[in-house]
Amino acid sequence: MFTDLWNWIVSYYDYLIARFWAAELEITLLGLQNAGKTSLLRVLAGDKFTRDWDVGGQPRFRTMWERYCLGVDAIVFVVDSADAHTYEGARQELHAVCNNSSLSDIPVLVLANKNDLAEALPLEDFVTKMDIKGIKNHQVTCYSVSVKETDNLNAVVSWLVSQKENNVNKEGSAQEEGEEAET
Ligand SMILES: Nc1nc2c(ncn2[C@@H]2O[C@H](COP(=O)(O)OP(=O)(O)O)[C@@H](O)[C@H]2O)c(=O)[nH]1
Ligand SMILES: [Mg+2]
């Protein structure tokens, strides 16, 4: 019984990953150093992803990752939710990304990573710490995850796939509108 359930969970995850690949998503992963970005890339996508940026510290590098965010389907911002020393820096960088007017149409997923650690902030406190509600004119979603224990990563993959599907629908309806305008 337990094995059946476990097999079902594993195959559902495989199914999500397959859809994730089929969707040809373009995603930029951002976050402070040590947040867990490279670990997440390994779990989700092997070596195929390259857009994984450490932000913070050096404002002169900001324009580089900004350029890599233009036109992507989603931005995933990873935070170490168990390292109190980095909350303030992570909050500032997250808000800098979200306040950037050229990125304002891009949905942002904020991950409170390392929830396997005892000192990790509960999601509600994390949302307050990161001042998620202070982010205006941006669609922001927040999940508590553990990349290490692959906890809640199916929610991440589902969210990512749904962003692509939303975009395809948007493109589809924009085309239809365009066609109507021509006739
Ligand atoms: N406990 C725990 N450690 C993690 C988790 N995710 C990543 N790490 C560890 O955090 C450190 C930094 O991870 P890394 O992926 O290199 O972070 P990056 O600098 O953002 O690319 C590594 O030692 C990882 O093994 C997690 O969910 N839980
Ligand atoms: Mg890294």
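Student: What counts as a helix or a strand here?
Tutor: Both are DSSP runs, numbered from the N terminus. A helix is H or I and has at least four residues; a strand is E and has at least two. Keep in mind that this is a predicted model.

Student: OK. In what order do the elements run, then?
Tutor: From the N terminus on, the chain reads α-β-α-β-α-β-α-β-α-β-α. The chain has six helices and five strands.

Student: And how much of the chain is buried?
Tutor: Of its 183 residues, 28% count as buried.

Student: Switching to the ligand. Which residues come nearest to ligand 1?
Tutor: Gly-36, Lys-37, Thr-38, Ser-39 and Lys-148 do, out of 17 residues around ligand 1.

Student: Which element gives the most to that shell?
Tutor: Helix 2, residues 37–45, with three residues.

Student: How does the shell divide into nonpolar, polar and charged?
Tutor: Eight residues are polar, five are charged and four are nonpolar.

Student: Back to Thr-38. Where is it found?
Tutor: Thr-38 sits in helix 2. An unreviewed UniProt entry also places the feature "binding site" at Thr-38.

Student: Why does Thr-38 count as partly exposed?
Tutor: Because Thr-38 has 16 C-beta neighbours inside 10 Å. Buried takes 20 or more, and exposed takes 12 or fewer.

Student: New topic: helix 4. What span should it have?
Tutor: Helix 4 covers residues 87–99, which is 13 residues. At 1.5 Å a residue it should span 18 Å. The C-alpha atoms at its ends are 18 Å apart, so the two values agree.

Student: Which of its residues are buried in helix 4?
Tutor: Ala-90, Glu-93, Leu-94, Val-97 and Cys-98.

Student: And where do they fall, seen down the axis?
Tutor: The buried residues of helix 4 lie within an arc of 135 degrees, so they line one face of the helix.

Student: What covers them?
Tutor: The cover over the buried residues of helix 4 includes strand 1 (27–31), strand 3 (74–80) and strand 4 (108–113).

Student: Let's look at strand 1. Is Ile-27 buried or exposed?
Tutor: Ile-27, which lies in strand 1, is buried.

Student: What separates the C-alpha atoms of Ile-27 and Cys-69?
Tutor: A distance of 7.8 Å, although Ile-27 and Cys-69 are 42 residues apart along the chain.

Notes:
Residues are numbered from 1 along each chain as its sequence is written. Chains are lettered from A and ligands numbered from 1 in the order in which they are written. This is a predicted model: local features need pLDDT of at least 70, side-chain atom pairs count only at pLDDT 80 or more; totals for chains, interfaces and linings use all residues. A residue is near a molecule or strand if its C-beta atom, placed from the backbone, lies within 6 Å of it. Ala, Val, Leu, Ile, Met, Phe, Trp, Tyr, Cys and Pro count as nonpolar, Asp, Glu, Lys and Arg as charged, and the others, Gly among them, as polar. UniProt positions are given in the numbering used here, feature names are shortened, and annotations may be inferred rather than shown by experiment. The expected span of a helix is 1.5 Å times one less than its number of residues. The arc is that of the directions from the helix axis to the C-beta atoms. Two residues are in contact if their C-beta atoms, placed from the backbone, lie within 7 Å.
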